[in-house]
Amino acid sequence: MDLKITCIPGDGIGPEIVAETKKVLERVAEIYGHKLHFEDILMGGASIDVHGVPLTEEAVEKAKAADAVLMGSIGGDTTTSPWYQLPPDRRPEAGLLALRKALNLFANLRPAVLYDELAGACPLKEEISKAGFDMLIMRELTGGLYFGERKTVEENGVRKAIDTLTYDENEIRRIAVKGFDIAGKRRGKVTSVDKANVLDSSRLWRKVVEEVAKEYPHVTLEHMLVDNCAMQLVKDPAQFDVILTENMFGDILSDEASMVTGSIGMLASASLNDSKFGLYEPSHGSAPDIAGKDVANPIATVLSAAMMLRYSFDLDREADAVEAAVKQVLKEGYRTRDIMSEGCTQVGCSEMGSLLADRIV
Ligand code: IPM
Ligand code: MG
């Protein structure tokens, strides 16, 4: 297959982890007979430095022209970086939000898995973690509070900020369908998370999710309030298969779920539209404090590339090969600094990339 992949190295550790992921993808292409065409675009701080804006129209066009987009990470230190002196719509994160909207990437898949080899890194008590867990957060990504109208006004000398949270039934239905589809291929359970005891948008969410559930008799649906879900994630994470939720709740819960694995450097994500097109990025941020030091963990980005092979290109064998290489390298005891434990061999970002590429079979 000819695969056209637009890459966004971005900021912080982004360029390093994307470079290692390309290494792994090149190896996959070599073994399985594919041809890769990479093109890099600027986004976030890297784009601000060159163009003064976090995302240009030209970059959006290049992303649209690709079969899929592979991203590293964007953003810098919010207290020290000059990027955060700019108006909010010109800061690095605004570029990512604009790209998600421009590409209509409404479905964000964030798996949170406790790897056997890394079970020791899980911050939960062993009596809880021993059950293991393997969940997927299906987060709505282009609606809700993050895309609603917002403004800050002054009324009678008092400053007032307004954010609006809107969902229409079509937005809810299309993400629910994705959630049920994927649950059907996993363990067949959807936990729909909302705040239906307070919010109208959540009450509509619940109704529409129930309508969709009727089409999936083999998938079990349960509803959970978001505050309870935050608690359940640390109390009994094994209960979850697919968590289906709106934009802001998904943002918060996916960070919590990743922390519960104890190894955020391992967690991939995919953002999909209605077709096969997707943007793939690690769940972690740009870690500016360790950028350029060759200590970052490239595995989350490599696993995001595996999701790309699976979801955008239907290359399941190749995706399996990447995931198997990750397991193999962990089994052999190689670790980057963030997941290092006694008796293992610590390697840098670039060596980890080479090891992963070598283990592709
Ligand atoms: C994420 C990030 C982004 C989001 C920010 C950078 C806008 O936190 O991908 O979870 O909230 O969506
Ligand atoms: Mg987030």
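**Entry 1: the setting.** I am working with a predicted model. I started with where ligand 1 sits, and found it in the second largest pocket.

**Entry 2: the shell.** Which residues are around ligand 1? I listed Glu93, Leu97, Arg100, Arg110, Arg139, Tyr146 and Asp251. Sorting this shell by class, I got five charged residues, two nonpolar ones and no polar ones. I then asked which helix gives the most to the shell. That is helix H4, residues 92–102, with three residues.

**Entry 3: polar contacts.** I went through the side chains that reach oxygen atoms of ligand 1. For Arg100, I noted a polar side-chain atom 2.6 Å from a ligand oxygen. Arg110 has a side-chain N or O atom 2.8 Å from an oxygen of ligand 1. For Asp251, the distance from a side-chain N or O atom to a ligand oxygen is 2.9 Å. How much of the accessible area of ligand 1 does the protein cover? I read off 74% of the 320 Å² that ligand 1 has on its own.

**Entry 4: Ser269.** Next I turned to a residue in strand E11, residues 268–272: Ser269. Is Ser269 buried or exposed? I put Ser269 down as buried, because its relative accessibility is 0% and the cut-off for buried is under 20%. I also checked what its side chain reaches, and found the backbone oxygen of Glu281 at 2.9 Å.

Conventions
Residues are numbered from 1 along each chain as its sequence is written. Chains are lettered from A and ligands numbered from 1 in the order in which they are written. This is a predicted model: local features need pLDDT of at least 70, side-chain atom pairs count only at pLDDT 80 or more; totals for chains, interfaces and linings use all residues. Side-chain values use heavy atoms; hydrogens and water are left out. A residue is near a molecule or strand if one of its heavy atoms lies within 4 Å of it. A polar contact is a pair of N or O atoms within 3.5 Å; within protein, one must be able to donate a hydrogen and the other to accept it, and residues adjacent in sequence count only if both atoms are side-chain atoms. Accessible areas come from the Shrake-Rupley method with a 1.4 Å probe; for residues, only the protein chains shown count as cover. On a 1 Å grid over the protein atoms alone, a cavity is a set of points where a 1.4 Å probe fits but cannot get out, and a pocket is an open set with protein on both sides within 12 Å along at least five of seven lines; lining residues have an atom within 4 Å of a point. A molecule sits in a cavity or pocket if more than half of its atoms lie within 2 Å of its grid points. Helices (H or I, at least four residues) and strands (E, at least two) are DSSP runs, numbered from the N terminus. Ala, Val, Leu, Ile, Met, Phe, Trp, Tyr, Cys and Pro count as nonpolar, Asp, Glu, Lys and Arg as charged, and the others, Gly among them, as polar. Buried means under 20% relative accessible area, exposed over 50%, partly exposed in between (1.4 Å probe, protein chains only).
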